[in-house]
Amino acid sequence: MRERRRAGRILLVTLAALAVGSCFLPIPRAMRPPEAVVSDSAAARQDSIARAEQAAAARRDSILAAEREAARQDSIARAQREAARQDSIARAAARRDSILAAEREAARRDSLEAARRDSLIAAARRDSIASIEAARAAAAAELAQLRESGPVYVAHDEAPRLVWDTEAEAALATTLLPVIRGEGLDPNITTSVWLLVRTDGRVEATVIQVSSGDGAFDAAAVRAARGLLFAPALRGGRAAPVWVLREISLLMR
């Protein structure tokens, strides 16, 4: 029994020694596992994949660069648009200021022109008033001189004209007809009378030149003559007082 056990231990030790020794012995080629063989197609495929990855990386880089350039260009465009907007605002403000300045200048010129025109009008009015007053004073002085001197010839461009109408005819008849009837005079009786005609056409004074021979009719003729109205005489384009000789009768025109 002991022998068997001893033989069994010896066998186990021998087998273990054999197992350890076999690890250091070369393995026959036929018993080795097959080595990995890389084919040409696989290498080409890997090279293509590598190139594709490089191309994709380059494309990504190009896209990123393009995006950065687009962002830069967009930023430049925004800056240019903002600069253009600011410039447009500045030009509009300058144009508005220019228009306002032109309007103020035009208003100032209009004001100056209005003031100058008003001044000229006032001066012309003063001159006109002074001229009218001077003309009136001269006419009054001339009228007083003519009244004092009596009937004399006064140079004029246009003689006074009698303004004759139905009212003047009725006034003449109302003055003369009662005297003619009352005195039993000839209806054609006439008195020649000098009339001093003023610048307003009214008769200022009368002087009998040739009597009718009847005192009552002469007085009526003078009254009728003072009621006559004339278009005044003209001298130098202005009305002037003059003496004019008229025959006063019932049938005068």
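This report looks at salt bridges in a predicted model.

Local features here need pLDDT of at least 70, side-chain atom pairs count only at pLDDT 80 or more, and totals for chains, interfaces and linings use all residues. Residues are numbered from 1 along each chain as its sequence is written, and side-chain values use heavy atoms, with hydrogens and water left out.

Side chains of opposite charge can pair when their charged atoms come close. A salt bridge is a side-chain nitrogen of Lys or Arg within 4 Å of a carboxyl oxygen of Asp or Glu. By this rule the model has 13 salt bridges. Here are three of them.

| Glutamate 69 | Arginine 72 | 2.6 Å |

Helices (H or I, at least four residues) and strands (E, at least two) are DSSP runs, numbered from the N terminus.

Glutamate 69 and arginine 72 both sit in helix H2 (residues 40–149), 3 residues apart, about one turn of the helix. Aspartate 74 and arginine 78 also both lie in helix H2, 4 residues apart, again about one turn.

How accessible is glutamate 69? It is partly exposed, at 33% relative accessibility. Buried means under 20% relative accessible area, exposed over 50%, and partly exposed in between (1.4 Å probe, protein chains only). Arginine 72 is partly exposed at 43%. Aspartate 74 is partly exposed at 35%, and arginine 78 is partly exposed at 44%. Arginine 235 is partly exposed at 30%.
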